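Here is a friendly walk through one protein model, written for someone who likes to know the cut-offs behind each term. Please have your viewer ready.

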Amino acid sequence: METGTKQQKITLAFINDKSPIVDIICNDLTKLGFEILHRSEQIKDGLSQLSSLKELPSVCIIDLDFYDKNVLAQLQELRTQYPTIKLIAHSDIDAEKAVKPLLEISFGGYLLIGSDADDFKKAIETVINGGRYFSMGVADIAQEYFDSN
């Protein structure tokens, strides 16, 4: 017999280049109770898939070339069309010139490649609850950005 209230499942979307690492992360997150609503390789594809979903994901995890100005413009479009979706970057880039533009687009988290399922779980739960989560390699950049704004 169940007691108490049922916890609402946190739903996710992934937009990333093909990667066996992301496949493992998705499998691990599914085992932890997260529901993956969709995966796409391009933001353009992600936008069209999001528009066809009955329910929007709570969080979108994105791993693309954040130096690409087209990607940044597309991310801004994603943010504009779906302002309620929390965004988390997943990248191997820990440079200020890649991190700051994402903070300006209101990304709530930034995980560096090498983050495990527990890191993802913490980041997802933190941004869902209105906080921010950054890997150690980018935390100083984020702190400096938020201190100056």
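## Ground rules

This is a predicted model, in which local features need pLDDT of at least 70, side-chain atom pairs count only at pLDDT 80 or more, and totals for chains, interfaces and linings use all residues. Residues are numbered from 1 along each chain as its sequence is written, and side-chain values use heavy atoms, with hydrogens and water left out.

Helices (H or I, at least four residues) and strands (E, at least two) are DSSP runs, numbered from the N terminus.

Six strands form an open sheet in the order 2-1-3-4-5-6, with parallel pairing; two strands pair if DSSP finds at least two bridges between them. Strand 2 (35-40) and strand 6 (133-134) are the edges, and each has a single partner strand, so one side of each lacks a neighbour in the sheet.

Further in, four bridges join strand 3 (residues 59-63) to strand 4 (residues 86-91) in the parallel sense. Val59 has Lys86 of strand 4 as its bridge partner.

## Helix 5

Helix 5 (residues 117-128) has twelve residues and spans 16 Å from first to last C-alpha, close to the expected 16 Å, a value defined as 1.5 Å times one less than the number of residues. Its buried residues (under 20% relative accessible area, 1.4 Å probe, protein chains only; exposed is over 50%, partly exposed in between) are Ala117, Phe120, Ala123, Ile124 and Val127. They lie on the same side of helix 5, because they cover an arc of only 125 degrees around the axis, taken from the directions from the helix axis to the C-beta atoms. Their cover, counted by contact (heavy atoms within 4.5 Å), includes strand 1 (11-16), helix 1 (20-31) and strand 5 (109-112).

At the N-terminal end, Asp116 caps helix 5, with a side-chain oxygen 3.1 Å from the backbone nitrogen of Asp118. After helix 5 comes Gly130, with a positive phi near 90 degrees. Glu125, also in helix 5, is partly exposed at 29% relative accessibility.

## The nonpolar cores

A nonpolar core is a set of buried Ala, Val, Leu, Ile, Met, Phe, Trp, Tyr and Cys residues joined through side-chain atoms within 4.5 Å. The largest has 31 residues, and those touching the most other members include Ile62, Phe66 and Leu75. Leaving aside neighbours within four places in sequence, Leu75 contacts Ile43, Ile62, Phe66, Leu102, Ile105 and Phe107. A second, separate core of 17 residues includes Ile10, Cys26, Val59 and Ile124.

Methods. A polar contact is a pair of N or O atoms within 3.5 Å; within protein, one must be able to donate a hydrogen and the other to accept it, and residues adjacent in sequence count only if both atoms are side-chain atoms.
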